[in-house]
Amino acid sequence: MSIAIEIAAGNLESVVAAAEGGADRIELCSALAAGGLTPSVGFALEARSVTRLPIYAMIRPREGDFVYTDAEFNSMIHDIRILKETGVDGFVFGALLADGLVDEVNCKTVLSVCHPLPVTFHRAFDRASHPLDALESIISLGFKRLLTSGQADSAWEGREVIKELVHRADGRLSVMAGAGVTEDHAAELVRTTGVTEVHLSAKLKRLRPGSPLPVLREDLTDYVTDAGLIRSLKRSLT
């Protein structure tokens, strides 16, 4: 069975590297260190110009929790409408209520604005208070995919929960394992859980181009996806 690889790309170099490495889809976002925020329109346009891979844009207005105000939902809706015009192929979004339940009312509104493009419910799920109930809500709302670490720090640690989610979903949506996925355990993760998609950034720290000092000072570094890491992961999954 072919396993799809989605790469979280936070800069244009990472988009190019994802394509070169053989990724199947790109999650486009800003601020990867904060878990990924909504990308700029300019970034989305440039990403679309350098690859024909499917691009899913993250819709998340700020870091922190996933309980949003009305104003924040309004900003997300504006972002979706504008980003649809850039040629993205889908969106990545999630929202919860203060008690940890899926915010069904607002998710339904956001999905209607995203239509007809598919939407992935992101790792807000990993903060849901009742994961199996949350799964059913996400399916009934019409999300096409769920990205999760199994409510653990990494997908490997959460593999038993992911396995149960795959079983409960029973093909009604795709469960994608993400967080800390590497070639060292990817094949066993897939075998154990039954997922057909994995999510990672495959990134390495680098000195920013044009930085004056040849040292990895934190304020002069960033992360970029490495095509070689993706190739290694693909080989481990064959």
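Which residue just after α5 takes a positive phi? The legends below give the reply.

**Figure 1. The whole predicted chain.** This is a predicted model, where local features need pLDDT of at least 70, side-chain atom pairs count only at pLDDT 80 or more, and totals for chains, interfaces and linings use all residues. Residues are numbered from 1 along each chain as its sequence is written, and side-chain values use heavy atoms, without hydrogens and water. The protein chain has 8 helices and 10 strands (DSSP runs numbered from the N terminus: H or I, at least four residues, for helices; E, at least two, for strands). Its radius of gyration is 17 Å, close to the 18 Å that the globule rule gives for 238 residues, so the chain is as compact as a globular protein of that length (taken over C-alpha atoms; the rule is 2.2 Å times the number of residues to the power 0.38). The C-alpha atoms fill a box of roughly 50 × 40 × 30 Å along the principal axes.

Figure 2. Of the 238 residues, 50% count as buried (under 20% relative accessible area, 1.4 Å probe, protein chains only).

Figure 3. Helix α5 covers residues 131–141. Its buried residues are Ala-134, Leu-135, Ser-137, Ile-138 and Ile-139.

Figure 4. Gly-142 follows just after the helix, with a positive phi of about 110°.
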